[in-house]
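Student: Please show me the structure. Then let us work through a few of its residues.

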Amino acid sequence: MPSAVQETAVEERAASAEPRPGSPMLRYLTLAMTALLLLGVGWTAATLYAGRTPGETSAEAGFARDMSRHHAQAVEMAMVAYAKGQDPAVRQIGYDIALTQQAQIGHMQRWLQEWDLLPTGSRPAMEWMPDGVTVDADGLMPGMATREEIASLHEAQGAEVDRLFLDLMIKHHIGGVHMADGVLDATDRPEVVRMAQSMKQGQQKEINELRKLQQGVG
């Protein structure tokens, strides 16, 4: 039968083998458990959405197509501001907008490829919006500039570039936020929700920055 001294020694060895708060072993175990949980979440999401690929007439496909075209105009205007703007802050935000929105176009076009859909569809633009928003007489989505406005921006010089760009981009972003809200009401696909939320938050922040710059340029 073990003596009291032997029992105490066994308990001390067992206690020393347990991970202590802040120990490398405990941190390793925590990271390992976190990784397993994340893998589980990813597997669950993949399983949940297996067989639910967005189709030709889905809101997800409509959003990806329409927002890609919406973003393309923003990139064009932003590059004009970056190349010709007078205010360094206007040039910088133009560069940031062009970089961000071109990257988002790439993500949305990849979705369409993964869903075995073409970049353009058979449905009219904006028909996927839950509230029935339609394009205007020129076929422009919410916030988009007209051909005449785009031409004026290209032709402008100096401070006029700043003024036109800020005015047009604020309207453009407001329309983009509206479209992001629309798809958030219509989908629960994780990748689309994440992108739409990111667009909404980013463009709302930029609207505030653009308005501050607008006050500075007059």
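Tutor: First, a term: helices (H or I, at least four residues) and strands (E, at least two) are DSSP runs, numbered from the N terminus. The model is predicted, so local features need pLDDT of at least 70, side-chain atom pairs count only at pLDDT 80 or more, and totals for chains, interfaces and linings use all residues. Residues are numbered from 1 along each chain as its sequence is written, and side-chain values use heavy atoms, with hydrogens and water left out.

Student: Where is isoleucine 97, and is it buried or exposed?

Tutor: Isoleucine 97 sits in helix H4 (residues 88-114). Buried means under 20% relative accessible area, exposed over 50%, partly exposed in between (1.4 Å probe, protein chains only). Isoleucine 97 has 0% relative accessibility, so the residue counts as buried.

Student: What is the nearest side chain of opposite charge to aspartate 66?

Tutor: Aspartate 66 belongs to helix H3 (residues 59-84). Lys and Arg count as positive, Asp and Glu as negative; His and the chain ends are not counted. A salt bridge needs a side-chain nitrogen of Lys or Arg within 4 Å of a carboxyl oxygen of Asp or Glu. Buried aspartate 66 has none; at 5.3 Å, the nearest side chain of opposite charge is arginine 69.

Student: How many aromatic pairs does the whole structure hold?

Tutor: Rings of Phe, Tyr and Trp (its six-membered ring) pair if their centres lie within 6.5 Å; planes under 30 degrees apart count as stacked, over 60 as edge-to-face and the rest as tilted. By a search of the whole structure, the number of aromatic pairs is three.

Student: Why is the pair of phenylalanine 63 and tryptophan 128 classed as it is?

Tutor: The ring centres of phenylalanine 63 and tryptophan 128 are 5.8 Å apart. Their planes meet at 85°, so the pair is edge-to-face.
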